[in-house]
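Morning, everyone. Please have a look at the model on the screen, and I will walk you through it.

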Amino acid sequence: MTAAVLKLRGETAPEDRARALSAEYADADAQAILERAIREEFAGEIALVSSFGAESAVLLHLVASVAPETPVIFLDTQKHFAQTLSYRRKLAARLGLTDVRDILPDTEEAAAQDPNGDLWRRDTDACCDLRKVRPLKTALDGFGSWITGRKAFHGGERMHLPAFEWNGRHFKVNPLVRWTPEDVAEYRARHDLPAHPLVEQGYPSIGCWPCTRAVEDGEGVRAGRWSNSDKAECGIHVR
Ligand code: SF4
């Protein structure tokens, strides 16, 4: 570890540390950001959180190329498309990822709060809290940081993300934040990465089956997520 890193860790508040890293890596590519985060800055205390969705193969491939033993957290909400579960198994094997963790909702909490499995019909925020937010909080115990696949072109709050953030509890690393759809497609083609099977059916963003639909021409990437409501995020990225 460099003296500069030790100085940064020892004397800097987390918000300032994230800000300094973002400035230092403002023009860096995703590989460089990941190498700094995984091998140096947060070594041994960083995980990738992946939905194994439409664009996930790119970041999974990048992380595997840096350190295939990096823990990968997959939130198994028990509401995924069958195609997602199949894709998760095949892609992890293909990329040689050795520590993919399937994180399920707490059994007792699910039985008490969603005994019929239809909470999503009545309260999507409560359902996401039960099946995503609280399981992730538990899964991230012991980690000081996590890697996300968010990109500015997704719109909304993602348009102004830095490469490194502090959310009050963890550092978050966003190595693909400046990537365009063309960058994603070019990387996938160059490395012959398999597409999620639903992409060709019109799903550019893929979450749980009750809350995801195919999009029409001209709609935004995430227009098919919770499309009958104002909800735009599941809550795992709320500070
Ligand atoms: S995306 Fe829908 S089904 Fe999945 S956890 Fe959230 S509300 Fe529930």
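First, the ground rules. This is a predicted model, where local features need pLDDT of at least 70, side-chain atom pairs count only at pLDDT 80 or more, and totals for chains, interfaces and linings use all residues. Residues are numbered from 1 along each chain as its sequence is written, and side-chain values use heavy atoms, with hydrogens and water left out.

An unreviewed UniProt entry annotates residues 46–214 as "domain: Phosphoadenosine phosphosulphate reductase". UniProt positions follow the numbering used here, feature names are shortened, and annotations may be inferred rather than shown by experiment. Across residues 46–214, the chain is 37% helix and 12% strand. The end C-alpha atoms of that stretch are 33 Å apart. Helices (H or I, at least four residues) and strands (E, at least two) are DSSP runs, numbered from the N terminus.

Now the cores. A nonpolar core is a set of buried Ala, Val, Leu, Ile, Met, Phe, Trp, Tyr and Cys residues joined through side-chain atoms within 4.5 Å. Buried means under 20% relative accessible area, exposed over 50%, and partly exposed in between, with a 1.4 Å probe and protein chains only. The largest nonpolar core has 40 residues. Which members touch the most others? Ile147 and Phe164 do. Helix 4, residues 56–66, gives the most to this core, with eight residues.

Stay on Phe164 for a moment. Leaving out residues up to four places away in sequence, Phe164 touches, among others, Ala18, Leu21, Tyr25, Ile33 and Phe42. Contact here means heavy atoms within 4.5 Å. Lys172 and Val173 are also among the residues that Phe164 touches. Apart from this core lies another, of 15 residues, including Ile73, Trp146, Cys211 and Trp226.

Two of those names come back at the ligand. Around the ligand are Lys79, Trp120, Thr124, Cys127, Cys128, Arg131, Lys132, Cys208, Pro210, Cys211 and Trp226. To be near a molecule, a residue needs one heavy atom within 4 Å of it. Which helix gives the largest share of this shell? Helix 8, residues 124–139, with five residues.

And where does the ligand sit? The space it takes is the second largest cavity. On a 1 Å grid over the protein atoms alone, a cavity is a set of points where a 1.4 Å probe fits but cannot get out, and lining residues have an atom within 4 Å of a point. A molecule sits in a cavity if more than half of its atoms lie within 2 Å of the grid points.

On to the cysteines. The unreviewed UniProt entry gives "binding site" for Cys127, Cys128, Cys208 and Cys211. The lining of the second largest cavity takes in Cys127, Cys128, Cys208 and Cys211.

Take two of them. Cys128 lies in helix 8 and counts as buried because its relative accessibility is 7%. Beyond its neighbours within four places in sequence, Cys128 is in contact with Val133, Trp226, Lys231 and Cys234. Cys208 lies in the segment after helix 9, and is buried at 10%. With residues up to four places away set aside, Cys208 touches Thr77, Lys79, Phe81 and Lys132.

Next, Cys234. UniProt, again in an unreviewed entry, places "active site" there. Cys234 is in the segment after helix 9, which covers 181–190. Why does Cys234 count as buried? Because its relative accessibility is 12%. Not counting residues up to four places away, Cys234 touches Cys128, Lys132, Val133 and Trp226.

Trp226 is worth a stop of its own. Tryptophan 226 has a positive phi of about 45°, although it is not a glycine. Trp226 is in the segment after helix 9 and is buried at 6%. Phe52 also has a positive phi, near 50°. Phe52 lies in the loop between strand 1 (46–49) and helix 4, and is buried at 0%.

Last, Arg222. Arg222 is in the segment after helix 9 and is buried at 17%.

Methods:
On a 1 Å grid over the protein atoms alone, a cavity is a set of points where a 1.4 Å probe fits but cannot get out, and a pocket is an open set with protein on both sides within 12 Å along at least five of seven lines; lining residues have an atom within 4 Å of a point.
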